[in-house]
Amino acid sequence: MEILRNIGTYAIVFAVGGGLCAIAELLIVRTKLTPARILVIFLIVGIALEGIGVYDYIFEVCKCGISVPIVGFGAALAKGSIEMAKSVGFIGAFAGGLVRTAYGVGVAIFMSYLVTLLFTAKAK
């Protein structure tokens, strides 16, 4: 039974993550929005969902399907800012998002540097 429950969880995660990617692709194809603007829209959606307190409920259902894409990064920024603002005050709102997401950003920077050492870019 454990395997069936895991398969169901994987299906939900795949469907939600794939749905977010499909929405982004539709926005690219059907609108004049650039990928950078779509990225910002998804980030702001994550911030808004966390800000109104709905993100945790969505995460309970969707798991990593909602937390791994940029929507989850926006929610993490907002959660960190809210927590630090409550504990430190107004200034904490500026630092909290960075403190909460520093590990992930650091790993991304390190891995991108490692890739640049291993591979060379070629002009098209």
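This is a predicted model: local features need pLDDT of at least 70, side-chain atom pairs count only at pLDDT 80 or more; totals for chains, interfaces and linings use all residues.

Student: Let's start with α2 and α5. At what angle do these helices pack, and are they parallel, perpendicular or oblique to each other?
Tutor: Helix α2 covers residues 35-51 and helix α5 covers residues 70-87, and their axes are 7 Å apart. The angle at which α2 and α5 pack is about 45 degrees. Angles under 35 degrees would count as roughly parallel, and 65 to 115 as roughly perpendicular. Therefore α2 and α5 are oblique to each other.

Student: Which residues of α5 make the contact with α2, and how many residues of the contact are nonpolar, polar and charged?
Tutor: On the α2 side, the contact is made by L39, F42, L43, G46, I47, L49, E50 and G51. From α5 come I70, V71, F73, G74, A75, L77, A78, K79 and I82. Sorted by class, the contact of α2 with α5 has 12 nonpolar, 3 polar and 2 charged residues.

Student: Now α1 and α2. Why are they called oblique?
Tutor: Helix α1 spans residues 2-30, and its axis lies 10 Å from that of α2. The two pack at an angle of about 140 degrees. Only angles over 145 count as roughly antiparallel, so α1 is oblique to α2.

Student: What is the handedness of that crossing, left or right, and how do the contact residues of α1 with α2 divide by class?
Tutor: The crossing of α1 and α2 is right-handed. L20, I23, A24, L27 and I28 of α1 make the contact with P35, I38 and F42 of α2. By class, those residues are 8 nonpolar, no polar and no charged.

Student: On to the rings. How many aromatic pairs are there, and is the pair of Y55 and F59 stacked or edge-to-face?
Tutor: The structure holds 2 aromatic pairs. For Y55 and F59, the centres are 6.5 Å apart, with 25 degrees between the planes. Planes under 30 degrees apart count as stacked, so the pair of Y55 and F59 is stacked.

Student: Where do Y55 and F59 lie, and is each one buried or partly exposed?
Tutor: Both lie in helix α3 (residues 55-62), 4 residues apart, about one turn of the helix. Y55 has 7% relative accessibility, so Y55 counts as buried. F59 has 29%, so F59 counts as partly exposed.

Student: And what kind of pair do F90 and F94 form, stacked or edge-to-face?
Tutor: F90 and F94 are both exposed. Their ring centres are 5.3 Å apart and their planes stand at 85 degrees. Planes over 60 degrees apart count that way, so this pair is edge-to-face.

Student: What about K63: where is it, and what is its phi?
Tutor: K63 sits in the loop between α3 and α4 (64-67). With a relative accessible area of 31%, K63 is partly exposed. The phi of K63 is positive, in a residue other than glycine, and its value is near 55 degrees.

Note on methods. Residues are numbered from 1 along each chain as its sequence is written. Side-chain values use heavy atoms; hydrogens and water are left out. Axes are lines fitted to C-alpha atoms, for helices over the stretch in contact, and angles run from 0 to 180 degrees between N-to-C directions. Contact means heavy atoms within 4.5 Å. Ala, Val, Leu, Ile, Met, Phe, Trp, Tyr, Cys and Pro count as nonpolar, Asp, Glu, Lys and Arg as charged, and the others, Gly among them, as polar. Rings of Phe, Tyr and Trp (its six-membered ring) pair if their centres lie within 6.5 Å; planes under 30 degrees apart count as stacked, over 60 as edge-to-face and the rest as tilted. Buried means under 20% relative accessible area, exposed over 50%, partly exposed in between (1.4 Å probe, protein chains only). A crossing is left-handed if the near helix is turned anticlockwise from the far one by less than a right angle, and right-handed if clockwise.
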